[in-house]
Amino acid sequence: MSCISTNNLTKYYGRRVGVDHLSIDVSAGELLGFLGPNGAGKTTTIRLLMGLLKPNSGSACVFDLDCWQQSHKVKAGVGYLPGDLRLYPWFTARYALKLFSQIHRKDMTREGEKLTELFDLDPDLRVDHMSRGTRQKLGLILALAPRPPLLILDEPTTGLDPIIQYKLYTLLRSLADEGHTIFFSSHTLSEVETLCDRVMILRKGKVVANESIESLRDRAKRVVTIYWKNSANHEAIMAPTFLTVSEKNSKTWTGTIEADAMELMRWCQDKPIADVIIEQPDLSALFQQYYLSPENSQ
Amino acid sequence: MNWGLMAKTIREVWMVTILFAIGVAIFESMLTYILPTYFDEFAGHILEIKFVRNIITALLGSDVGDKIGPTALLSFSWVHPLLLTLLWGHEITLCTRTPAGEIDRGTVDILLGLPVSRWQIYISETIIWLGSGLMLILIALVAHLSIRTFIPEDMHLPLHRIIVVAINLYCLYIAVGGVVWLVSALSDRLGKAMGISFAMILASMLLDFIITFWEPAKSIEFLSVLDYYRPWQIFQSDTWPIQDMLTLTAIGLFFWLAGAWVFIRRDVCTV
């Protein structure tokens with residue numbers, strides 16, 4: 001079943017494009033990373049899904065409800081964390097949870113208390129006395145406490161320390177395993193790689209990649225370093241076609257492979273090699289290709 | 001109606017409303033006591049000045065001529081610019097909160113991320129605006145009635161007419177608030193919304209003054225909201241100014257609905 005679907009969704013800010021004929025589909029229970037450089041249209045897409053912006057053309061649906069016409073019904077099932085999070089200065093976690101429970105007409109104080117403990121947040125600290133990271137924690141608590149079927153998080157790890165980031169990853173993973181759908185935007189390639197089932201990359205308002213992390217990994221190049229034996233004469237050895245050697249010296253070759261690592265190992269068997277180091281697939285290089293505009297990447 | 005939204009609004013406006021209420025109570029009490037008590041001093045000096053008489057005429061809504069006495073001066077307490085400024089200042093503060101204020105401070109994304117419709121947000125804020133405005137006018141009424149026990153009974157204004165004036169004043173409050181709601185719905189900046197609202201009210205008051213000095217301006221008299229609030233005439237006659245009240249309420253309702261229409265249809269997010 002489709003949890004989020006957009007069809008030719010288009011939004012302009014005057015003459016500047018926000019999103020351009022965007023058609024995406026997110027299944028229930030999926031953990032989707034939404035990547036893209038600044039101004040790519042990530043936040044615009046999220047705001048269109050939340051009914052904050054009205055599309056110029058096309059449509060966006062969440063739970064088969066129109067995001068603009070039926071936004072309050074959509075939001076009943078969505079936990080939302082805005083990108084540029086600003087909370088009421090008089091909020092404390094305790095008061096905000098009580099107030100949000102009244103507005104949601106659903107008691108979320110218990111779940112909120114659990115999250116407050118998990119994120120190590122003082123429930124009586126006012127927002128105007130909080131650091132940026134602490135405010136982000138409160139924003140996350142308020143988005144997660146109703147345990148909604150869909151979480152839309154705009155750069156959720158901004159300002160969080162690595163320990164809290166790790167706790168958040170674990171929590172999001174377990175929520176996805178329970179069947180919650182998580183749609184989050186990020187700038188951090190590593191967190192998308194660690195956490196997501198699928199990644200969608202946006203550039204200039206258009207989707208330029210929409211793939212599972214597994215298939216991206218398969219396509220990603222791996223950096224390989226071959227160490228030759230001291231006595232070996234490897235001058236005459238030719239590199240196989242799947243290995244692109246970028247640096248050669250008397251002791252080592254450094255390059256990248258596009259093929260399976262096993263193929264390289266088979267090629268190495270009858271060569272005077274002392275050691276081979278094959279690194280993890282380098283997704284960042286692949287992402288960067290997508291980030292760069294066609295004219296820049298050439 | 002969403003009680004949570006109303007609780008949030010009350011949490012944010014109770015302090016400012018209490019401050020305005022204290023101001024209204026102090027000011028209305030002072031005027032109620034001072035104006036008739038020191039009438040002779042006023043009549044002997046200040047009221048002789050033509051300019052001052054013109055201002056009083058403009059505020060009371062009609063030329064009091066030679067009929068000016070302690071009672072006429074007491075009715076001035078219901079149109080004194082400071083009382084009006086306090087009431088309008090309060091409603092400008094409240095009616096520009098959403099969406100202009102929420103966008104300006106960046107909290108609108110959180111507010112609109114909640115499972116409520118924009119209409120519910122608008123209604124919740126409106127209820128608090130109308131409720132607190134009613135409270136301020138009741139406080140002015142109570143202050144007036146409490147303090148008049150200290151002045152001679154022959155100077156008292158009739159109670160039922162004071163109530164009619166208070167109701168007319170509330171209609172004026174609704175008319176001005178309605179316009180401010182529309183200005184707020186069209187703005188992304190709180191300061192801009194407040195500034196435009198203040199300028200419009202000031203222009204309306206100025207028009208009322210200009211009319212007393214410059215005859216040709218009478219043709220656009222209907223544009224001034226004070227043209228529909230004339231306490232002196234209410235105190236002089238025993239009739240309800242139904243037409244004025246309906247006009248003010250209709251102005252308020254029209255602009256309030258226009259504000260709702262804009263707010264519900266426009267893009268709203270932190271800019």
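This is a predicted model: local features need pLDDT of at least 70, side-chain atom pairs count only at pLDDT 80 or more; totals for chains, interfaces and linings use all residues.
Residues are numbered from 1 along each chain as its sequence is written, and chains are lettered from A in the order in which they are written. Local features need pLDDT of at least 70, side-chain atom pairs count only at pLDDT 80 or more, and totals for chains, interfaces and linings use all residues, while side-chain values use heavy atoms, with hydrogens and water left out.

Let's start with chain A. Its C-alpha atoms fill a box of roughly 75 × 45 × 35 Å along the principal axes. The domain assignment, which is automatic or from a database, gives domain 1 (2–217) and domain 2 (221–281). The C-alpha centres of these two domains of chain A lie 44 Å apart. You will find eleven helices and 15 strands in chain A; these are DSSP runs numbered from the N terminus, with helices (H or I) of at least four residues and strands (E) of at least two.

Of the 298 residues of chain A, 49% count as buried, that is, under 20% relative accessible area with a 1.4 Å probe, protein chains only.

Seven of its eight residues are buried, among them Ile46(A), Arg47(A) and Leu48(A). Just after H1(A), Gly51(A) takes a positive phi of about 75 degrees.

Arg47(A) also leads us to the partner chain, as its side chain meets that of Asp109(B) in a salt bridge (3.1 Å, N to O). The rule, a side-chain nitrogen of Lys or Arg within 4 Å of a carboxyl oxygen of Asp or Glu, finds two salt bridges across the interface of chain A and chain B. Helix H2 (71–75) and helix H3 (93–104) of chain A each supply at least two residues of the side that touches chain B, and H3(A) gives the most, with six residues.

How many residues take part in the contact between the chains? 27 residues of chain A are in contact with 31 residues of chain B. Together the chains bury about 2600 Å², 58% of it on carbon and sulfur atoms; this is the accessible area (1.4 Å probe) lost on putting the two parts together, summed over both. Arg86(A), Tyr88(A) and Ile103(A) supply 27% of the area that chain A buries against chain B, more than any other three residues.

Notes
Contact means heavy atoms within 4.5 Å. Buried means under 20% relative accessible area, exposed over 50%, partly exposed in between (1.4 Å probe, protein chains only).
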